[in-house]
Amino acid sequence: MTQYPARARPRTAAALIACAATLAVSALTAPMAAAEPSQGAVVRASSSVSAMAGQTEQTVVVPVTAGLEPSRIRGSIVVTGKPEGTVRATVNGRVILEANAAATVALDQAVSSADVVNQQLTVGLQFIPATQTMCVLANATATLNNLAVDFSGTPEVPTTVGGFFPVSVPAVVLPVPADPGADVSAAIMVASAAMSQRYPEASVSVVPEAGLAATAASLPPGSRILSVVGDQGEAGTKLATAAGLPQLVLSGHDEQLRTAARALASDKTALAVTSSVTGLTSALPASPGLQQSLQDLGSKTLKLSGYGTPESYVGVSQSQFGGPVQSVKVQLKGTHTAVPNNAQAQLSVFWNDYLLSSKNLDGGDSFSVDAEVPAGQLQANNGLRIRLAALPVGGDCDGPAGVMPMEVTVDTAGSTLTAARGGSLKAGFARFPQALGQGVPVAFGDGNAQANTVNAATLMASLQRESATLLDARLVGLDTLAGSSESGLVVGATGEVANKLSAPLRLAEFRTIAPDDVEYGVGTSAPFGVLEAFEQGGRDLLLLGAWAPEGDNAAATLQSSLADHISGVEGGWASLSRNLLVTQPSGTPVLLESNVVVPQKAVTDDYRPYAWWIGAAVLVLGLAFAARTILMRRRAKEAQAYVDAEQKASGSSEHGK
């Protein structure tokens, strides 16, 4: 079964070990006013959770807003492969369903506040195969889809700043004022990243202030509104209510405001036990090093047990090393039970389904694996998979499960991944977010501060989902970014900006050639928006811009639709490939490679000076060749005349004798 990379952000050990579980969950629809009684409110989980036959229980978390009481949990369990065995569903360890496996099994069970632990409902799924022999093979999977929880009651309104940040929330919305100052724009971008890191399963959206009420009306109970406003006083926060939802207002100015927004990512906000605080600040966490243990990556315990082919999986992203890397060395250490005589046990290590190393477990009770990941196997997000393949004595699998099973325990603190800084991916979306490191300079290409802030903060949230480190955005001038060596982001780019940065697709009409996998083009009168990822001057840039004919105001809408598309598409930023994402007023955004674009005039103009120099060089070489040819012919004629004269003189001398 193909293994896919886990999210960049480290999770619990259970999440990292699960090779087939989807653990992301975000609450979607279910309007409810925070201050009004609610009956029959529903929170839906947008993602599913899967468990392979014989695998340990896999879980997904549903946040529970204080004041609400869950009443029922509903969903549909779908079994792929042979539906032979039992499917079991639990809530915080309590079995709520145990039924014979079938193609589809309905889940509709009562729950209560007694099932809530730490403001969360942890829903578990397990598929127990019908016949558990020594060698259980995971050839079927159960998946829980359309998970929904019914609630009743009235959400509690937080009375302290710490209470505004519970363990989990379903959604956070950040409104952007009509004309934000540079400090407010920067703080909103930082706050967007901070909320995405703190609540990785929550929906984080950034909207113009005028659209806040409409957005809040569709948010589920427990959602939060985070507002950033400019103020000349000391940076601080206070509680309020907006659009019927709890609101935290962050105020301040200049660098203090941005630093205060960064502090919202820290769980130390729980120390704020009053309704307002001042002097909120937080230092930027240290950048991760080039050596990370499996424990650093979030895998506190890692065990494989039983006969057959049990596996464990650890997600590894380049951002977990603080930036892009060109190679990774894997060193695994651990212990194992003694291999019985005539039994077989083998440990194999895979990187993105590429076999790195495999060794027999025999003799002694410890093992060590050293392997290097080839550069061609490195991706932005990677998966390290460890498989134990074990057969009992004589290869007889008919015995009962659990009889003297093989067991391997990996030393997660002593097992390390050591990377070397560099690049392993060609220029494009796959280089992000790791190319950014921690500090992210952001430049606006035009004067639409509100729209640019909304789009930039939306992109920052999407990038943060794939980054293990907190992205610290700051607003800089376009000339500053263009003249620096830092990787960064440009939003609201115009044609002039795209030309200045030598973007692969200039913001002017273009057409494409038709390779085997894509055929796409725009006419001279069709506006388009584009997000570009490219290398310029040895650093990587993201550029969001649009082009429209004179008098057409579609450019702003097109840029907004691209930012929203990335935040809403399944897989988010990780779903992007190649180096261009192009959209038009109608239709779905299309991923393109810049080499399919017929060179535009601005691009050819870039190379015109080189063409003149090349032409001049060719002319000089041609003249030199012509001169050399003329000289050689002249010398040949002179030499021939000299030889003729000698022969003539010699002939006259002999005739005189």
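Student: How far does helix H8 reach from its first C-alpha to its last?
Tutor: Helix H8, residues 555–568, spans 20 Å over its 14 residues, close to the 20 Å expected at 1.5 Å a residue. Keep in mind that this is a predicted model.
Student: Which residues of H8 are buried?
Tutor: Leu558, Gln559, Leu562, Ala563 and Ile566. Looking down the axis of H8, they fall within an arc of 135°, so they line one face of the helix.
Student: Why would that spacing put residues on one side?
Tutor: An α-helix has 3.6 residues a turn, so residues three or four places apart point the same way.
Student: And what do the buried residues of H8 pack against?
Tutor: Their partners are helix H5 (449–465) plus strands S30 (488–493), S31 (528–536), S32 (539–547) and S33 (580–583). On the face turned away from the buried side, H8 carries exposed Thr557 and Gly568.
Student: Switching topic: is Gln318 buried or exposed?
Tutor: Gln318 is buried, at 2% relative accessible area, though it's in a loop, the one between strands S20 (311–317) and S21 (325–336).
Student: What does the side chain of Gln318 reach?
Tutor: The backbone oxygen of Gln379, at 3.0 Å. Gln318 also touches other residues, including Leu378, Asn382, Ser424 and Gln434.
Student: Last one: where does Pro285 lie?
Tutor: In the loop between strand S16 (276–278) and strand S17 (291–293). Pro285 is partly exposed at 43%, and its C-alpha is 8.0 Å from that of Thr469, 184 residues away along the chain.

Key
Residues numbered from 1 in each chain as written. Predicted model: local features only at pLDDT ≥ 70, side-chain atom pairs only at ≥ 80, totals over all residues. Heavy atoms only, no water. Helix = DSSP H or I, 4+ residues; strand = E, 2+ residues; numbered from the N terminus. Buried < 20%, exposed > 50% of the residue type's maximum accessible area, 1.4 Å probe, protein only. Contact = heavy atoms within 4.5 Å. Polar contact = N/O pair within 3.5 Å; in protein donor to acceptor, adjacent residues only side chain to side chain. Expected span 1.5 Å × (residues − 1). Arc of directions from axis to C-beta.
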